[in-house]
Amino acid sequence: MRLFTALALPDEIAPPLLLMQAGVPGARWQKREQLHLTLRFIGEVDGAQATAIDDALATIAVPSFTLELKGVGSFGGKIPRDLWAGAAPSEPLVHLNRKIESALQRIGLEPEARKFTPHVTLARLKNSPRGAVMDYLTDHALYASTPFTVTAFCLYSSKLTSDGSIYRVEKEYGLTS
Ligand code: 2AM
């Protein structure tokens, strides 16, 4: 199975993001149930590895914290491949991500090579005109969520289908209060 760790978004955060999902040709907008903020992508693992990962994640003890989503962006440069909402700089979020990284390395996973760029993917793009993407980024530059409390992180599975990815919360790990 294909796994990743992420924050689920609380119910009050999703509606404004869903309202922002318009105006870019070629965008496949992510549905409510697909919205999440990836912490550490894991990838394809077998059952034994999944169990070891679950055990390792369950040992993590970090305090809950407040987070705000802020701004929008796109990966891919000249050929934009997605649209996302970013996160305001957050030391506790980086700390949580580091804890997950070291827990996973301790059980033998290869270190994550990519820089952690916290984001919530709003759309995947296919042949979207660059101008429309630029306009979108300008129009939504001032986006900011209400602050919300992160009380848990999740282990998700991901299934690729012709209709997009199906993400499922497999496990939830509470943060300390
Ligand atoms: P994305 O939304 O920016 O594409 C499930 O696929 C989640 O893991 C998505 O949030 C996706 O980020 C992220 N993801 C997929 N492949 C990845 C990889 N190789 N490295 C880091 N994150 C990845």
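Q: To start with His36: why is it classed as partly exposed?
A: His36 has 19 other C-beta atoms within 10 Å, and is therefore partly exposed. By the rule used here, a residue is buried if 20 or more other C-beta atoms lie within 10 Å of its own, exposed if 12 or fewer, and partly exposed in between, with C-beta atoms placed from the backbone.

Q: What kind of model is this?
A: This is a predicted model, in which local features need pLDDT of at least 70 and side-chain atom pairs count only at pLDDT 80 or more, while totals for chains, interfaces and linings use all residues. Residues are numbered from 1 along each chain as its sequence is written.

Q: Where is His36 found?
A: His36 is found in strand S3, which covers residues 36-44. Strands (E, at least two residues) and helices (H or I, at least four) are DSSP runs, numbered from the N terminus.

Q: And which residues does His36 touch?
A: Leaving out residues up to four places away in sequence, His36 touches Ala6, Leu7, Ala8, Leu9, Val120, Tyr156 and Tyr167. Contact here requires that the C-beta atoms of two residues, placed from the backbone, lie within 7 Å.

Q: Which positions carry the UniProt feature "active site"?
A: The UniProt record, an unreviewed entry, places that feature at His36 and His119. They are spread over 84 residues of sequence but cluster in space, the largest C-alpha distance being 8.2 Å. UniProt positions follow the numbering used here, feature names are shortened, and annotations may be inferred rather than shown by experiment.

Q: What about His119, buried or exposed?
A: His119 counts as buried, because it has 20 C-beta neighbours inside 10 Å. The place of His119 is in strand S7, residues 119-125. His119 touches Leu37, Gly73, Trp84, Ala85, Gly86 and Ala87, not counting residues up to four places away in sequence.

Q: How many of the residues of S7 are buried?
A: In S7, 5 of the 7 residues are buried, so the strand is largely enclosed by the rest of the structure.

Q: Which strand pairs with S7 over 3 bridges?
A: That is strand S2 (residues 27-29), which pairs with S7 in the antiparallel sense. Two strands count as paired if DSSP finds at least two bridges between them. Trp29 has Ala123 in S7 as its bridge partner. Strand S6 (residues 82-87) is also antiparallel to S7 and is joined to it by 5 bridges. Here Leu83 stands opposite Ala123.

Q: Back to S3: which strand pairs with it over 7 bridges?
A: Strand S1 (residues 2-8) pairs with S3 in the antiparallel sense. Leu3 stands opposite Gly43 in S3. S1 is also joined by 5 bridges to the antiparallel strand S9, residues 152-161. Ala6 has Cys154 in S9 as its bridge partner.

Q: Moving to the ligand: which residues are around it?
A: The residues around the ligand are Phe4, Thr38, Phe41, Arg114, Thr121 and Ser158. A residue is counted when its C-beta atom, placed from the backbone, lies within 6 Å of the molecule.

Q: How many of the shell residues are charged?
A: The shell has 1 charged residue, with 3 polar and 2 nonpolar. Ala, Val, Leu, Ile, Met, Phe, Trp, Tyr, Cys and Pro count as nonpolar, Asp, Glu, Lys and Arg as charged, and the others, Gly among them, as polar.

Q: Which residue has a positive phi although it is not a glycine?
A: Asn127 does, with a phi of about 55°. Asn127 is found in the loop between S7 and helix H4 (130-139). Asn127 is exposed, because it has 7 other C-beta atoms within 10 Å.
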